[in-house]
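Student: Let's zoom in on one part of this structure. Please give me a close look, with the cut-offs spelled out.

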Amino acid sequence: ALPRPHMKQTMRLGVFAAGAALFVYLIGHIGLRQLAADARAVGWMIVPVVLVWSIVYLLSTAGWRFTFDDAVRQPRFWPTWTMLTSGFALNCVAPFVSVGGEPFKAATLAGWLPPRRAATSVMLHWLLRTLGQMLFWLTALVVALVTYAHGPLEITVLLCAMAGVTGLASLVLTVHKSGGLETILRLLDRLPLLRRPARALAARRETIVEMDRQIVEFYHASPGRFVRAVACEYLARMVSAFEYYFVFLALGLSAGYREALLVSGLQSLIHNMTFFVPFEIGTKEAVTYLLFARLGLTPSLGVFAAIVTRLRDLLWIGFG
């Protein structure tokens with residue numbers, strides 16, 4: 001039998017209550033009538049849209065499992081998938097920044113792995129997921145540059161975006177190769193707005209140094225696992241673009257996977273740039289509206305596509 005999760009039952013109930021409250025807030029903010037009308041408009045096409053993300057979560061689970069230590073007992077695939085799906089649900093309902101699910105996953109995974117190793121595994125997966133996501137953004141930017149950029153302004157904007165994403169990806173890769181969590185902590189201590197949380201983290205410097213060491217060790221001792229984990233996360237993002245492909249089919253639009261990749265990749269990039277907007281309120285609809293217009297599609301249908309993805313979000317949040 002598998003060991004019981006490390007997280008205490010009262011804490012798990014508290015997390016569930018907080019997540020459920022935010023979920024109800026989202027439902028109330030959108031409105032039940034609006035959701036019902038949107039669901040009728042989407043029809044059966046919501047099924048493949050939802051199923052696309054079941055594949056995304058399966059691939060991400062496979063990527064996360066590459067970070068586990070074979071020397072100790074570890075959860076099997078489906079308990080890991082459950083932790084990951086629940087963690088993503090908590091991230092989605094975090095109003096300003098998607099971090100709620102990471103402590104939950106670390107606390108639950110500690111039922112199988114030593115607490116520090118569990119925390120390192122979650123941090124490793126976050127870094128690997130971030131790297132896979134950045135590669136996805138670069139793919140969308142390259143496709144946009146090659147197929148849709150015509151004027152000098154568009155080309156310049158896309159090249160600057162590619163340079164910025166490449167720089168961030170290099171930083172994440174450097175953390176894997178040489179460490180850097182402690183260095184980042186020192187840099188944060190120099191920023192006035194982040195000085196207080198940085199000093200709170202400094203009290204756990206020993207833990208941070210140990211996590212840094214384990215992250216570097218994973219990269220150098222298991223380069224094959226590192227590559228396979230990033231590949232899983234990158235493939236997961238490429239699969240996620242199919243949700244827009246199915247929306248195109250539902251709307252009868254003459255657009256294919258390339259356009260779906262562009263909308264999904266660029267929307268994700270802009271969403272992460274505007275992470276401070278609670279629940280992407282307004283930003284997702286505005287971005288998809290503009291992207292549909294740029295692709296020569298009916299802009300108002302971009303708003304509808306964004307609503308479909310919100311329905312998918314709500315279904316997976318409720319399930320998680």
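Student: Does Arg312 count as buried or exposed, and at what relative accessibility?

Tutor: First, the ground rules. This is a predicted model, where local features need pLDDT of at least 70 and side-chain atom pairs count only at pLDDT 80 or more, while totals for chains, interfaces and linings use all residues. Residues are numbered from 1 along each chain as its sequence is written, and side-chain values use heavy atoms, with hydrogens and water left out.

Now your question: Arg312 counts as buried because its relative accessibility is 6%. Buried here means under 20% relative accessible area, exposed means over 50%, and partly exposed is in between, with a 1.4 Å probe and protein chains only.

Arg312 sits in helix α15, residues 299-319. Helices are DSSP runs (H or I, at least four residues), numbered from the N terminus. Leaving aside residues up to four places away in sequence, Arg312 touches Ile46, Val49, Val50, Trp53 and Glu243; a touch is a contact, with heavy atoms within 4.5 Å. The Arg312 side chain also makes a polar contact, at 2.4 Å, with the side chain of Asp313. That term covers a pair of N or O atoms within 3.5 Å; within protein, one must be able to donate a hydrogen and the other to accept it, and residues adjacent in sequence count only if both atoms are side-chain atoms.

Arg312 and Asp313 also line the largest cavity, along with Trp53, Tyr57, Phe88, Ala89, Cys92, Trp316 and Ile317. On a 1 Å grid over the protein atoms alone, a cavity is a set of points where a 1.4 Å probe fits but cannot get out, and lining residues have an atom within 4 Å of a point.

By class, the lining has seven nonpolar, no polar and two charged residues. Nonpolar covers Ala, Val, Leu, Ile, Met, Phe, Trp, Tyr, Cys and Pro; charged covers Asp, Glu, Lys and Arg; the others, Gly among them, are polar.

Over in α3 you'll also find Val56, buried with a relative accessible area of 4%. Not counting residues up to four places away in sequence, Val56 touches Ala236, Arg237, Val239 and Ser240.

Terms used: Helix = DSSP H or I, 4+ residues; strand = E, 2+ residues; numbered from the N terminus. 1 Å grid on protein atoms, 1.4 Å probe; cavity = no way out; pocket = protein on both sides within 12 Å on 5 of 7 lines; lining within 4 Å.
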